[in-house]
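Me: I would like to learn how to read the features of a protein model, one at a time. Could you take me through this one?

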Amino acid sequence: MTDLVALSYGALRQKLLSKSVTVQDVVTQYVRRMAQTQPLNAFVTEYTDQALNQAAEADRRIQSGTARPLEGFPLAVKDNCCVEGMRTTASSKILENFIPPYTATVVKRLQDAGAIVLGKTNLDEFAMGSSTITSHFGPSINPWKIKGDTADLIPGGSSGGSSACVAGLSSLGALGTDTGGSIRQPAALCGVVGMKPTYGLCSRYGIIAFASSLDQAGPITRTVEDASLVLREMAGHDPKDSTSLVYTVPDYTKALGQSIKGMKVGIPKEYRPAGLNAEIAAWWDKTIQWMKDAGAEILDISLPHTKYALPAYYIIAPAEASSNLARYDGVRYGLRVPGGSLDDLYAKTRTEGFGDEVKRRILIGTYVLSSGKYEDYYLRAQRVRQRVTDDFTQAYKKVDVILAPTTANTAFKVGENITDPLAMYLQDVFTVSTNLAGLPAISVPVGLSNEGLPIGMQFIGPALQEERLFQFASVVEQAAQFKGIGQ
Amino acid sequence: MINTLITTATGDWEVIIGLEVHTQVKSKTKLFSGAATSFAAEPNTKVSLVDAAMPGMLPVLNEVCLEQAVKTGLALNAQINLYSVFDRKNYFYADLPQGYQISQFYHPIVGEGYLDIDLADETTKRVRIERIHLEQDAGKSIHDVHPDKSLIDLNRCGTALMEIVTKPDMRSADEAMDFVKKLRLILRYLGSSDANMDEGSLRADVNVSVHRPGTPFGTRAEIKNVNSIRFIGQAIDYEVNRQITLLESGGAIDQETRLFDASTVTTRSMRSKEDAPDYRYFPDPDLLPVMLTQDYVNEIKGGLPELPGQKRARFMKDYGLSLYDATVLVSDMETPLYYEAVVTHLAKKDGAKMASNWVSGELFALLKEHNLSIVDSPIGPQQLAGLLNLIGEGQISGRTAKDVLEDMWQSGKEASVIVSEKGLVQMSDAGELEGIIDKVLGDNPQMVEQYRSGKDKLFGFFVGQVMKVTGGKANPQMTNDILKKKL
């Protein structure tokens, strides 16, 4: 039997429908691979028995000719997405033993479409981070290594476990969430595709909130086509989320392979600061050349408020987080450390339950919302957010998409950077603007650095232009012929 | 103008009162969750995942509550804000699962309006409304059931409240109580709240200060959570006394929050202004701003029921009632319905004034005696009209009618049946009455002599004698007329 874990869903589905392999074969191989890649620490909790049972059910459906759009699709779910009966921790001690009695809408839709959940993946605690280092369960490990070096590298974050398992072939696809780059950045560092949809395209119901006005779930896959297939099933209006858009989700696969001839690609000068990693700059230029080769027109554009985006993000996101995380108080569920009084119980529970990064952001968020600071910080950040959004609106009057690097550098070693939170925050510099503006963006692997580490480029589109992003991403995918692990 | 100044040995004091009335919005379900609203249900049986603030749960606005707030605003002659926003009020408490209350701080749904209250001298006084906003109620902490644990009941958690805030326009406890009474009546007429203080669905925070007339307002104390109209009056009286005594003895008023203790009829300090929590209000990112159209508001306006003030004016105009009588009739929901049903069944429309006297006089007395509300009256409006028609036709006297009413109450029989069974029909035959009167006068020649020589008071004696002979059935008007003629 060929190595089924290396196949895309498109290729796999043909084999499944022609009955040359079974879903049970597929899931069995993935379960084996999960065991082999245990050192990656990609999963917080594995649900392999349940997955095998569901595989049998999927095979019955295929036998009876009632296969659903994602029948037998092995899926990993970021551990901040609730799944009924499956432990959901947000990689935090405070939810270490939390088993939700409900399923996030995006997961439910994928399950209803036939996807099989293999397990829950590791993340930075409450998705606060860009490395998975802040996870209570320890960091995940990037399946890629520097050539000739055995040192463990971080997979990026916060959807580090999701990216690591997809890149490491221990899941076909994964759900991530992206608040400031948490899908795209780890996808780029792990050499996989990561799509952050338009804010409101995918329901947030059942997803443990970090920053409600920025959080958006999306797929992490090895191919652009798989991302388009997964997104199509998970997207769409949900009456249980007031911020969910009423929108008819198109068949994204139709955009794949469509010509981009005559379309305009914007290159924002603010994303090419002095001192940008030369290799990343070179791969950006190469990607621009692919665009030209495909007949697209390249335009230099400016997004003048880009430099204010990161500070604004680090006010808005912690502000919302400080309030969103108030519910973890030891009263109804999760960790409770008994105290002599109610305040004592809160203090002890939250001191023990939250890690340093989460505490840092709660403190920042509480500060910027406090009386006398609200106007100077929170409201000012909201005005910046509007300016950042306006920049994009202006740009899209001239161009169809914007092309920029996803990250400023390649994956770093476990243990680097951790001492300086500000250096870590700079990981988000190319990604946060998109979240502030609520726009869709997709990161695609374009090649390897000289050290042999993946580099990703992102396309940022106007709201609800996911189709266009898949169209451009598939052009790059064709041109790059990026070889992932096991390819 | 009623003098509301308080005069002590040192001079006059003016009392300034403002109210924040919290009233439960009438709705089958809570403000942001599908859970049923409840009173006296088993603890923690009316709690949804949203109410319990489970991870990943999101609020969805209940539009019925919105409509109720708009109705209330319109009834209070207030500005309806077409743009309003829900904010989070952040604080920790065991019965506040989210760690924040969703409220409207910066942009409430209803702006400025007013309510005119009636003063004892039949003038009115305008109390301005500052704003009305919607917010969630918290759950209930129960400290007195378990020796060393507090119990939490989340049934009430998430129930919709309206907070109706007045300007500091009231000048006495009476005015404040009258305001709440009138507000409560309007809420009930609207059906926007049951405004039932016993069930805790109406509570008020009372702001009280005193100052010398013609000088700036004094420092105010806020008395929290006063839950009956009587207590509002008592709390104000106590507080006014406390403040005046303190000021006259050279002390100063602290701006503070106080609690009213109903058992001792006193207020005591809860926290000072310095200890006031910083609620860190910010717009709830889980909810979109509420955008209403003027058409929507107009439609609600067109569907408003007749309000107490309008009904009273109509009763005065259509039925010739006095301000006092009409006020008594419209002071609850059911009496005006009953009254108008009586009027409908009157043979002569000029009996409406008499009907008002009978409803608020004899019938109310019976209801009070038997501790019944008017909807449970064994004498229905049609039956009462039957009795009044007998009076109107001269068949029975008012005095007899009172006995018949008692009989109707006991036996449930129609008035006409009782009158004919007991032979109570009034003697209205002029010839017959003349014969009886002649006999009475003939039997009392000395009295006749005295009367004719100027002792007018004896007229009553002759009426009494006629009634005695006829067993009270003589038509009183005819008796008077004939007696006068013959004497």
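**Reading strands, helices and contacts**

Reply: Start with one pair of residues: A:A174 is opposite A:I220, which lies in strand 6 of chain A. Keep in mind that the model is a predicted one.

Me: Which strands does that pair belong to, and in what sense do strand 4 and strand 6 of chain A pair?

Reply: The general idea first. Strands in a sheet are paired by backbone hydrogen bonds, in a parallel or an antiparallel way. Here strand 4 (residues 173-177) and strand 6 (residues 217-221) of chain A are antiparallel, with 5 bridges between them.

Me: How many strands form the open sheet of chain A, and in what order?

Reply: The open sheet of chain A has 11 strands, and their order is 1-3-2-4-6-5-10-11-9-7-8, with mixed pairing. Strand 1 (43-46) and strand 8 (297-301) of chain A are at the edges; each has a single partner strand, so one side of each lacks a neighbour in the sheet. From one strand to the next, the twist averages 30 degrees.

Me: Which helix packs on that sheet?

Reply: Helix 3 (residues 48-63) of chain A packs there, touching strand 1 and strand 3 (116-121) of chain A. The direction of helix 3 of chain A makes about 160 degrees with that of strand 3 of chain A.

Me: Now chain B. What is the order of the 3 strands in its open sheet?

Reply: The order in chain B is 5-4-15, and the pairing is antiparallel. Strand 5 (100-103) and strand 15 (282-283) of chain B are the edge strands; each has a single partner strand, so one side of each has no neighbour in the sheet. Strand 4 (residues 87-90) of chain B pairs with strand 15 of chain B over 2 bridges, in the antiparallel sense. B:D87 is opposite B:P283 of strand 15.

Me: Where in chain B can I see a parallel pair?

Reply: Look at strand 12 (residues 221-226) and strand 13 (residues 256-261) of chain B, which pair in the parallel sense over 4 bridges. The bridge partner of B:K224 is B:L259 in strand 13 of chain B. With helix 3 (residues 229-248) of chain B, these strands make a β-α-β unit, and it is left-handed.

Me: What do strand 13 and strand 14 of chain B form?

Reply: Strand 13 and strand 14 of chain B form a hairpin with 4 residues between them. Strand 13 of chain B pairs with strand 14 (residues 266-272) in the antiparallel sense, over 6 bridges. B:R258 is opposite B:S269 of strand 14. In the turn, B:V265 has a positive phi of about 55 degrees.

Me: How should I read a positive phi?

Reply: Most residues other than glycine have a negative phi, and most peptide bonds are trans. Another exception is A:K19, with phi near 60 degrees. A:K19 is in the loop between helix 1 (9-17) and helix 2 (23-36) of chain A.

Me: Which peptide bond is cis?

Reply: The bond from A:G157 to A:S158 is cis, with omega near 10 degrees. A:S158 sits in the loop between strand 3 and helix 5 (160-167) of chain A.

Me: How do I describe two packed helices?

Reply: Two packed helices are described by the angle between their axes and the distance between those axes. In chain B, helix 2 (residues 173-190) and helix 3 pack at an angle of about 155 degrees, with axes 9 Å apart. Helix 2 of chain B is therefore roughly antiparallel to helix 3 of chain B. Their crossing is right-handed. Among the contact residues are B:A176 and B:V180 of helix 2 and B:I232 and B:I236 of helix 3. By class, this contact has 7 nonpolar, 1 polar and 2 charged residues.

Me: At what angle do helix 7 and helix 9 of chain B pack?

Reply: Helix 7 (residues 334-344) and helix 9 (residues 381-392) of chain B pack at about 45 degrees, with axes 8 Å apart. That angle makes helix 7 of chain B oblique to helix 9 of chain B. The crossing is right-handed. B:Y338, B:A341 and B:V342 of helix 7 meet B:P381, B:L384 and B:A385 of helix 9. The residues of this contact are 6 nonpolar, no polar and no charged.

Me: Lastly, how many residues of each chain are in contact with the other chain?

Reply: In chain B, 25 residues are in contact with 34 residues of chain A. The side of chain B that touches chain A has 17 nonpolar, 4 polar and 4 charged residues.

Technical notes
Residues numbered from 1 in each chain as written. Chains lettered and ligands numbered in written order. Predicted model: local features only at pLDDT ≥ 70, side-chain atom pairs only at ≥ 80, totals over all residues. Pairing = 2+ DSSP bridges. Right-handed = clockwise from strand over helix to strand, strands pointing away. Axes fitted to C-alpha atoms, helices over the stretch in contact; angles between N-to-C directions. Contact = placed C-beta atoms within 7 Å. Nonpolar A, V, L, I, M, F, W, Y, C, P; charged D, E, K, R; others polar. Parallel < 35°, antiparallel > 145°, perpendicular 65-115°, else oblique. Left-handed = near helix turned anticlockwise from the far one by under 90°.
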